[in-house]
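Hi,

Here is the structure I said I'd pass on. Have a look at it first, and then read my notes below.

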Amino acid sequence: MRKTFIRYAFAIITSAIFLIFFISFLLTLRTLEAQQFNTFYNKSEQVIHTLENNQMELSILQANLDVDYLTRARAAAYVFDTQEKTTRDVKEMQYLAKLLNVDELHVIDENGIIVSASISRYVGFEMAAHEQSREFLSILESEDEDAYLIQEAQPNAADKIIMKYVGVARKRKKGIVQVGFKPTRQLEAESRNTYDYIFSRFPTDADEELFVADRKTGAILGHSDGIEQEFSEEYYQPEQLLECQDGSYKKGSNGKIMYVASREYNDLLICFAVPRIVLFKRLFSQVLSTLVYLLLIEAVVLLLLNYLVKQKIINDIHQIMENLSDITNGNLDTTVTVNSNLEMKALSQGINTMVKSIVNLSDRISTIIQISGIPLAAFEYTPDRQQVFFTSGLRDLLDLPDWKAKELYQNSALFDRYIHSMISRPQNGEKDIFKVSDTKYVRIHMSESCGTYLGVITDVSQDVIEKQQMQYENTHDALTGLYKFTHFKQKAAELLQNLSSGSVCAAVMLDLDYFKSINDTYGHDKGDEYLKSFASVMKSMPSEHFLTARRSGDEFCMMIYDCQSNDAVYRCLDTFFEALKNHIVCLSADATRTISASGGLAITSDFCTGIDDLLRQADEALYDVKRDSKGRYSVYQAPSDK
């Protein structure tokens, strides 16, 4: 009877194992496909994020440069309106161009003819003679005295050189002042928005392909292996790629089948492809090990069944059931003890070994996670039961001391309060990211079913820190560490808007004296050190009264705020200039120099309606001091006071 029972049991268990193996084969294949699709989706998210970030960076750079260029054009117009004789001398025009740090400077009369220029051969050029220059005639037709035009970078009419021109209307007489720049920074930023550059940041595994296709034409715009190849296979065609948005198999070269996934983004198709054989290799490596484990389990089960049928074991089964009931209720320290015969004793030992294996399951999972190299931990608990199941990496991810971890793991109710206390305080702007320490952040996913909580914790410290670093880089100048001008204007506008009654606020525009000669004499590296030394003096000023920024090149700006009088503002600025005089910069082994700068100061008054007015007034004061002398600051005087 025992042999017959074992024989039937063997047939049933073997059939079940192969059925499980077949189902596991199918499920594992689907899981691998899903994992591959998720991997592609994450990479495509990164590609899209990179595209959007690059475009945003390009837009911000364009806006900042446009504001800077327009400011320089208006500064030139102001000079010409106040000093008409400057326009009659080419050398004077060239000197002013260098002073404004522009590549070209033109004066256009009311007939649209260049009457003066920093490049002598442009004098006499008719703006209406070419499509590129003709656009600026709209300024002459406008009745707005502040009319201007910022033209996109393109070949100029005279020499076909890529230039960016900005034109503004003259105020005292009909005409245009035009400045020209070589758009080097803009072109460099555009180069970072190419697919070749983006794909270089996303390395692919062997046999994997990442490419971008035009959704309408089907043209391959970028490929992880370069686009110097033919793309005639089926899975490169747009109508086929549109069918792969949930993942699909398509025919490749030489009859090779490819697993292809695609994603639409604007007019693009971001696509991923990997040979099916690669997936199958991973599949067989997983399911074959599963089959071996199942066969081992079958052998163990058959041995146990052989013991069970030797004699009646009803009483022992009841004892075992009672012990198992205790284990089910969470008392995992329960030991099943049946000593009526060797078979029952072996069975009880087997059950105890199984319970111990369950208790140690988290350690085995921890080992698997450690082998994978993923900073991840998992836990499972029921608040009304005693112990918490966890993987070994949980303590490190939560920065728990040994005594605290031991206390939490042995008391599920205490662990429940701890984990819910943590998830009640998410990181600002995030849904499921929580701060553990100043340098560690984790993402916690939890689910609850029938009173049992299951959670997964992953280390996202690098992502959070990189995001914080990106936010810092977007608002701070890379060389000096000061605020960028755009961010400075935002914060300064807020300070001005929230200015309390009786408080005084002022804008200061600063320009380093003789900086070009330092660059020319000692080189740009020493020039950068000179800029950083100047910035260090700015940053040494008390933050409760000073807001500092680098505008561009050797131009800087400050906001002096929360002062009780104009005299307090002057004292703050005098303190700054005194600090400059005491700050020595070493330019070479035998040359040192005290930092010299000129400044323009504009204090809030009835003539100021906002931050732009205040900065413009400070700019005018700076121009006055640069024109007359250097190394000091000038205070803006309203037109009625001059």
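This is a predicted model: local features need pLDDT of at least 70, side-chain atom pairs count only at pLDDT 80 or more; totals for chains, interfaces and linings use all residues.

Let's start in a loop: cysteine 450 sits between strand 15 (440–449) and strand 16 (452–459). Helices (H or I, at least four residues) and strands (E, at least two) are DSSP runs, numbered from the N terminus. Cysteine 450 isn't a glycine, yet its phi is positive, about 55°. The residue is exposed, at a relative accessible area of 80%. For these labels, buried means under 20% relative accessible area, exposed over 50%, and partly exposed in between (1.4 Å probe, protein chains only).

Residues are numbered from 1 along each chain as its sequence is written, and side-chain values use heavy atoms, with hydrogens and water left out.

Tyrosine 514 is another non-glycine with a positive phi, about 60°. You'll find tyrosine 514 in the loop between strand 18 and helix 17 (515–522), and at 49% relative accessibility it counts as partly exposed.

Strand 10 (residues 257–265) is mostly covered, with seven of its nine residues buried. Strand 9 (residues 248–251) runs antiparallel to strand 10, and four bridges join them; two strands pair if DSSP finds at least two bridges between them. Lysine 250 has methionine 258 in strand 10 as its bridge partner. Five residues separate the strands of this hairpin, and asparagine 254 takes a positive phi near 55°. On to strand 11 (residues 268–275), which is antiparallel to strand 10 and joined to it by eight bridges. Here arginine 263 faces isoleucine 270 in strand 11. The hairpin of strand 10 and strand 11 has two residues between the strands, and asparagine 266 in the turn has a positive phi of about 55°.

Next, an open sheet of six strands, with mixed pairing and the order 17-19-20-18-23-24. Strand 17 (483–484) and strand 24 (633–635) are at the edges with a single partner strand each, so one side of each has no neighbour in the sheet. Strand 17 pairs with strand 19 (residues 546–552) in the parallel sense over two bridges, and lysine 484 stands opposite arginine 550 in strand 19.

Helix 16 (residues 485–497) has 13 residues and spans 18 Å from first C-alpha to last, close to the 18 Å expected at 1.5 Å a residue (that is, 1.5 Å times one less than its number of residues). Which residues of helix 16 are buried? They are Phe485, His487, Phe488, Ala492 and Leu496. Their packing partners include helix 15 (461–475), strand 17, strand 18 (504–512) and helix 20 (611–628), with contact meaning heavy atoms within 4.5 Å.

Last, a helix pair: the axes of helix 18 (residues 524–539) and helix 19 (residues 566–581) come within 10 Å and cross at roughly 140°. Axes are lines fitted to C-alpha atoms, for helices over the stretch in contact, and angles run from 0 to 180 degrees between N-to-C directions. That makes helix 18 oblique to helix 19 (under 35 degrees counts as roughly parallel, over 145 as roughly antiparallel, 65 to 115 as roughly perpendicular and the rest as oblique). Phe534, Val537 and Met538 in helix 18 meet Phe576, Ala579 and Leu580 in helix 19.

Cheers
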